[in-house]
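Dear colleague,

I am passing on the structure below for you to look through, and my notes on its aromatic rings and on one pair of helices follow it.

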Amino acid sequence: TQQESTPGTLPGFESTQQEQPAQTNPFETSQEPTSGTLPGFENTQQQSTPGTLPGFESTQQEQPAQTNPFETNQEQPVQTNPFETSQESTNLFANQTPNPEINNTTENNFDQSFDMQNNYGGYSDMESRKKRRSEYVNTIDLSSLLTPDKKVIACLGTSKNGTSFIINNLAELTSSMGINTAILDTTSNRNAYYIYTKNEEGLREIALNSFDSLINKQPEGIKVNKNLTVFTSLPDDEDKVEMVDEILETLIKNYSLVLIDTDFTTPIGYFKQIQELYLVQSLDILTIQPLTAFLRKLKSKNALEENKIRIILNKAVKVKGIQEKTIIGGMAFYTDPAMSYMTELFDRNTVKYITILFEDETYVRYLENIINCEITLKGYSKVFMQSLKELANIVYPLTGNGQSTYRPPQLYGNESAANTTLDQMRRNNY
């Protein structure tokens with residue numbers, strides 16, 4: 001018989017009597033890498049070698065034994081800041097230098113290729129949307145609104161790297177700390193619409209009108225709790241999200257922290273107006289190319305400021321021969337598939353980053369939250385919560401009395417955070 005949809009549960013995922021089989025760690029392995037390991041991680045000479053993913057060739061210097069930052073049988077280097085970087089990083093591009101003289105034909109070919117590949121969500125009026133995105137000119141000066149207690153950031157990453165996971169949990173934490181927080185969902189999939197409407201007609205109606213309310217300067221989004229409001233809409237509702245300045249002006253005036261969930265279809269204006277851009281990347285190196293392609297496009301449109309870039313290495317696991325700097329080095333350059341030119345996106349030696357470890361229980365708990373249309377921090381491990389608190393302190397630092405210490409554009413952070421996380425990892429025998 002046909003079952004009715006239950007409010008508070010994602011449509012199609014109502015409870016059944018069958019128990020689900022136990023989940024195992026998809027990353028667990030006991031075998032040593034063989035000659036068939038993923039391209040880009042073989043021990044090669046400094047020169048680029050066919051069959052190796054561009055940007056991941058090894059240098060002539062051999063890596064010291066057990067340099068993986070997640071090994072627990074060694075003393076880890078003490079970092080004074082979870083975003084602190086070392087100047088002794090491996091040069092992954094020793095024999096490759098960016099070509100500063102890229103002709104207009106190459107530039108145009110890149111833009112056309114990227115737009116056709118992404119197709120801005122498959123809409124028939126792709127060209128008009130492309131024009132609005134690429135020719136964005138701000139109409140409202142938001143700088144005067146960004147007082148010391150205001151912060152606007154965006155998270156960006158290739159699909160499945162955990163961008164929405166970071167946004168949703170970070171918002172839940174900051175709102176529980178008393179920070180008036182807003183989530184703005186500008187992604188093509190509109191994941192927030194399915195999660196936060198809880199399969200309830202009343203909440204769906206609010207979501208459908210939430211962008212209009214921002215444009216009309218009377219914000220009315222989905223009220224998740226006392227300090228958290230979500231603004232989203234249907235996936236095919238693209239016209240209203242183009243009103244970048246009007247939407248951001250209303251959000252900044254009414255909320256202390258604005259978290260923007262973005263993807264490769266997000267209007268370029270948001271990237272120009274934000275204060276910080278957090279790139280969410282896992283150790284899956286095959287997802288780096290699409291990200292760097294989009295960053296390359298932002299840079300060509302003067303929408304990528306290096307001083308705004310931060311990196312979140314999400315779902316980090318112990319992988320032999322791969323270090324944090326290896327991934328960051330791959331993200332720092334865009335190399336076109338034909339290897340005809342390369343563009344440096346940011347300085348890999350100075351960019352700030354933080355690492356969030358992958359844990360079975362954390363991943364399973366979040367999946368349960370999505371099915372039940374409820375984002376909660378209950379059930380997460382102490383290690384994950386410590387990392388999330390470090391991230392929150394960097395995004396929106398608080399003093400002991402709950403007041404913000406944020407003063408743009410200087411970065412503040414917890415000086416002992418990285419060392420604390422390492423200590424917890426050792427105690428938990430990660």
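A residue counts as buried under 20% relative accessible area, as exposed over 50%, and as partly exposed in between. Tyr-363, at 40% relative accessibility, is therefore partly exposed, whereas Phe-358 has a relative accessible area of 6% and is buried. Please keep in mind throughout that this is a predicted model.

These two residues also form a ring pair: the centres of the Phe-358 and Tyr-363 rings lie 5.8 Å apart with the planes at 45°, so the pair is tilted. Across the whole structure, the search returned 9 aromatic pairs. Another of them joins Tyr-334 to Tyr-341, whose ring centres are 6.2 Å apart and whose planes stand at 55°, so this pair is tilted as well; here both Tyr-334 and Tyr-341 are buried. Elsewhere, ring pairs connect Phe-165, Tyr-366, Tyr-380 and Phe-384 into a cluster.

Turning to the helices, H5 covers residues 201-215 and H6 covers residues 244-254, and their axes come within 7 Å of each other, crossing at roughly 85°. Since angles of 65 to 115 degrees fall in that class, H5 is roughly perpendicular to H6. On the H5 side, the contact is made by Phe-211, Leu-214 and Ile-215, which meet Glu-246, Ile-247, Thr-250 and Leu-251 of H6. Sorted by class, the residues in this contact are 5 nonpolar, 1 polar and 1 charged.

Conventions
Residues numbered from 1 in each chain as written. Predicted model: local features only at pLDDT ≥ 70, side-chain atom pairs only at ≥ 80, totals over all residues. Heavy atoms only, no water. Phe/Tyr/Trp six-rings, centres within 6.5 Å; stacked < 30°, edge-to-face > 60°. Buried < 20%, exposed > 50% of the residue type's maximum accessible area, 1.4 Å probe, protein only. Axes fitted to C-alpha atoms, helices over the stretch in contact; angles between N-to-C directions. Helix = DSSP H or I, 4+ residues; strand = E, 2+ residues; numbered from the N terminus. Parallel < 35°, antiparallel > 145°, perpendicular 65-115°, else oblique. Contact = heavy atoms within 4.5 Å. Nonpolar A, V, L, I, M, F, W, Y, C, P; charged D, E, K, R; others polar.
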